[in-house]
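Student: Could we work through a helix contact and a strand in this model, taking one question at a time?

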Amino acid sequence: MIHLISTEDSAAIEEALRPREPEASTAPEGAQEKPQLLLVDDEPRMLDSLVALLDTEAYELSTAASGAEAYAHLQQRQFDLILLDLRLPDCSGHDIMAFVCANTPQTKVIIVSGETDIEGAVSAMKQGAYDYLRKPYSRTDLLKTVKHALAQRRLEGENQRISWQLECSEKLYRYLVDSSPDIIYTLDPDGRFTYVNSRIQKLLGYTPTELIGEHYSAIVHDEDLERARYVFNERRVGERASRNIELRLKNLHQDDERTFDNTFMTISFNSMGMYSQDRMAQNRQYFGTYGVARDITERKRAEQLISYQAYHDILT
């Protein structure tokens, strides 16, 4: 069966399948990429002062003396942190803040301004500025604020990377489950479906949505209900769990050329109990059954044909 996936999901699955190398081996010691800082101030002496204070640190510095220069830098590369004066000769620092928030919201912005009114600072913080430094500021306050902003930027970047990897893994898992030739399902403790993959629609005609919340007995041949109870209520795990139990399931695919018996399919089940994780084994809580069901209808028909032919040969 061919499963079509979106370009986004395809990229996520490719990412999940990419081999992971240890973090320490990705770059030589001391060769980590420097944080990218953009310093924006229309006062040359203040700009030179910022460069002098920060140049001793392990930062890659770029400067802009106007809004136009700042925009030019922002359109060419992405920065980890921007130190921004609110009052510029050709535009407002708030306009640059809005541009950053709209295009690179992960970039941290520290407002560095000589404005005495509190409104400018409050407005900048509401726009998303990380912090506000009022001129004149001390070297200690500047370096501490910059380091804290970059630390938060790295933390957010790491969280975003982990979230993306988790999303990729989930999409890969979902793709593998939905592409499986077997029916994969989970049941709650009462025997009602909480999940079933799309394979069941191909084999039996039920959509997953139709079965969620339904009791397993709705799809089991009446004569197999007693045996099904051991499969669908399985609480054992490991080697003691149910293996290769054969059941007949109701098939909604009705073909005029088929006989009545063909409205049932023979399925081989493997199932095990699901428990909450708890270090104390005696406190584990059972919350349902996980199972895999494989269609063996054709195999059973082949076995019946072989048996019939063998019996026929004996009679003749």
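Tutor: Let us begin with a contact in this predicted model. Leu50, Leu53 and Leu54 in α2 meet Arg139, Leu142, Leu143 and Val146 in α6.

Student: How many of the residues in the contact of α2 with α6 are nonpolar, and how many are charged?

Tutor: The α2 side of the contact consists of Leu50, Leu53 and Leu54, while α6 brings Arg139, Leu142, Leu143 and Val146. Since Leu and Val count as nonpolar and Arg as charged, the contact divides, with no polar residue, into six nonpolar and one charged.

Student: Is α2 roughly parallel or roughly perpendicular to α6?

Tutor: Helix α2, residues 44-54, and helix α6, residues 139-179, pack with their axes 11 Å apart and at an angle of about 70°. Angles of 65 to 115 degrees count as roughly perpendicular, and therefore the relation of α2 to α6 is roughly perpendicular.

Student: Why is strand β6 described as largely enclosed by the rest of the structure?

Tutor: From β6, Ile183, Tyr185 and Leu187 point one way, whereas Ile184 and Thr186 point the other way. Residues on both sides are buried. Strand β6, residues 183-187, is largely enclosed because the number of its residues that are buried is five of the five.

Student: Which residue in β7 is the bridge partner of Thr186?

Tutor: Strand β6 pairs with β7, residues 193-196, in the antiparallel sense over three bridges. Between the two strands of this hairpin there are five residues, and Gly191 takes a positive phi near 85°. The bridge partner of Thr186 in β7 is Tyr195.

Conventions:
Residues are numbered from 1 along each chain as its sequence is written. This is a predicted model: local features need pLDDT of at least 70, side-chain atom pairs count only at pLDDT 80 or more; totals for chains, interfaces and linings use all residues. Side-chain values use heavy atoms; hydrogens and water are left out. Axes are lines fitted to C-alpha atoms, for helices over the stretch in contact, and angles run from 0 to 180 degrees between N-to-C directions. Helices (H or I, at least four residues) and strands (E, at least two) are DSSP runs, numbered from the N terminus. Angles under 35 degrees count as roughly parallel, over 145 as roughly antiparallel, 65 to 115 as roughly perpendicular and the rest as oblique. Contact means heavy atoms within 4.5 Å. Buried means under 20% relative accessible area, exposed over 50%, partly exposed in between (1.4 Å probe, protein chains only). Two strands pair if DSSP finds at least two bridges between them.
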